[in-house]
Amino acid sequence: MECHVYYEGDDDPDKCTARRLERFDEAILHRSMGQVPYGVVLNPHAEQALSPADAEEGLGTLVALDCSWESAGEAAFRMNGIHRALPFLVAANPVNYGRPFRLTTVEALAAACCIFGERDRAEELLEPFRWGETFLTLNEEPLRRYSECADSSEVVAVQEDYLADE
């Protein structure tokens with residue numbers, strides 16, 4: 001799974017997971033939205049949840065937006081591709097630990113890989129982060145369940161189980 005990131009550069013560079021992914025040759029950063037290739041765009045504003053069925057349509061490419069949560073408005077996601085929202089997951093990064101839906105760029109990409117049945121790729125992405133394995137452990141059950149779904153509606157039904165517990 002090839003990972004691409006539209007990088008806005010508005011977060012602390014020392015804490016930026018996208019920049020670290022680029023350093024370890026795990027993702028390609030783009031500073032112009034026009035350079036971002038077609039793929040599955042991880043977009044929290046998308047109307048459909050990401051499901052294993054999306055893997056083929058994205059042509060082996062995942063796209064994330066790396067920006068601060070304050071500037072992650074709908075307008076920031078004007079990229080070509082299939083826009084999908086990640087289902088309920090909990091952050092393991094030190095800034096948002098335990099908070100649902102507040103994932104870093106690397107957590108979002110790794111989660112998508114897991115949902116697509118590519119756990120080894122997720123582990124590769126998370127390896128440079130001391131809390132990376134914690135992300136997979138915290139979300140082990142939901143990621144497994146989401147990866148077993150046939151489509152977006154099944155993912156949403158599984159997500160409802162977790163949201164009911166919140």
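This is a predicted model: local features need pLDDT of at least 70, side-chain atom pairs count only at pLDDT 80 or more; totals for chains, interfaces and linings use all residues.
Reader: In what order do the five strands of the open sheet stand?
Author: The order is S2-S1-S4-S3-S5, and the pairing is parallel. Strands here are DSSP runs of E with at least two residues, helices are runs of H or I with at least four, and both are numbered from the N terminus. Two strands pair if DSSP finds at least two bridges between them.

Reader: Which strands are at the edges?
Author: Strand S2 (28-30) and strand S5 (82-84). Each has a single partner strand, so one side of each has no neighbour in the sheet.

Reader: How many bridges join S1 to S4?
Author: Six, between residues 2-7 of S1 and residues 61-66 of S4, which run parallel. Glutamate 2 stands opposite threonine 61 in S4.

Reader: What does H3 lie across?
Author: H3 lies across S1, strand S3 (40-42) and S4, at about 155 degrees to S4. Contact means heavy atoms within 4.5 Å.

Reader: Glutamate 107 next. Where is it found?
Author: In helix H3, residues 105-115.

Reader: Which side chain of opposite charge is nearest to glutamate 107?
Author: Arginine 102, 9.5 Å away. Glutamate 107 is buried yet has no salt bridge. Buried means under 20% relative accessible area, exposed over 50%, partly exposed in between (1.4 Å probe, protein chains only). A salt bridge needs a side-chain nitrogen of Lys or Arg within 4 Å of a carboxyl oxygen of Asp or Glu.

Reader: What does the side chain of glutamate 107 reach?
Author: The backbone nitrogen of alanine 92, at 2.7 Å. Glutamate 107 also touches residues including Trp131 and Phe135.

Reader: New topic. Where is aspartate 25, and what is its phi?
Author: Aspartate 25 is in the loop between helix H1 (17-23) and S2. Its phi is positive, about 55 degrees, although it is not a glycine. Most residues other than glycine have a negative phi.

Reader: Is aspartate 25 buried or exposed?
Author: Exposed, with a relative accessible area of 69%.

Reader: And where does phenylalanine 101 lie?
Author: In the loop between S5 and H3. Phenylalanine 101 has a positive phi of about 65 degrees and is partly exposed at 38% relative accessibility.

How values were computed:
Residues are numbered from 1 along each chain as its sequence is written. Side-chain values use heavy atoms; hydrogens and water are left out. Lys and Arg count as positive and Asp and Glu as negative; His and the chain ends are not counted. A polar contact is a pair of N or O atoms within 3.5 Å; within protein, one must be able to donate a hydrogen and the other to accept it, and residues adjacent in sequence count only if both atoms are side-chain atoms. Axes are lines fitted to C-alpha atoms, for helices over the stretch in contact, and angles run from 0 to 180 degrees between N-to-C directions. Lists of a residue's contacts leave out its neighbours within four places in sequence.
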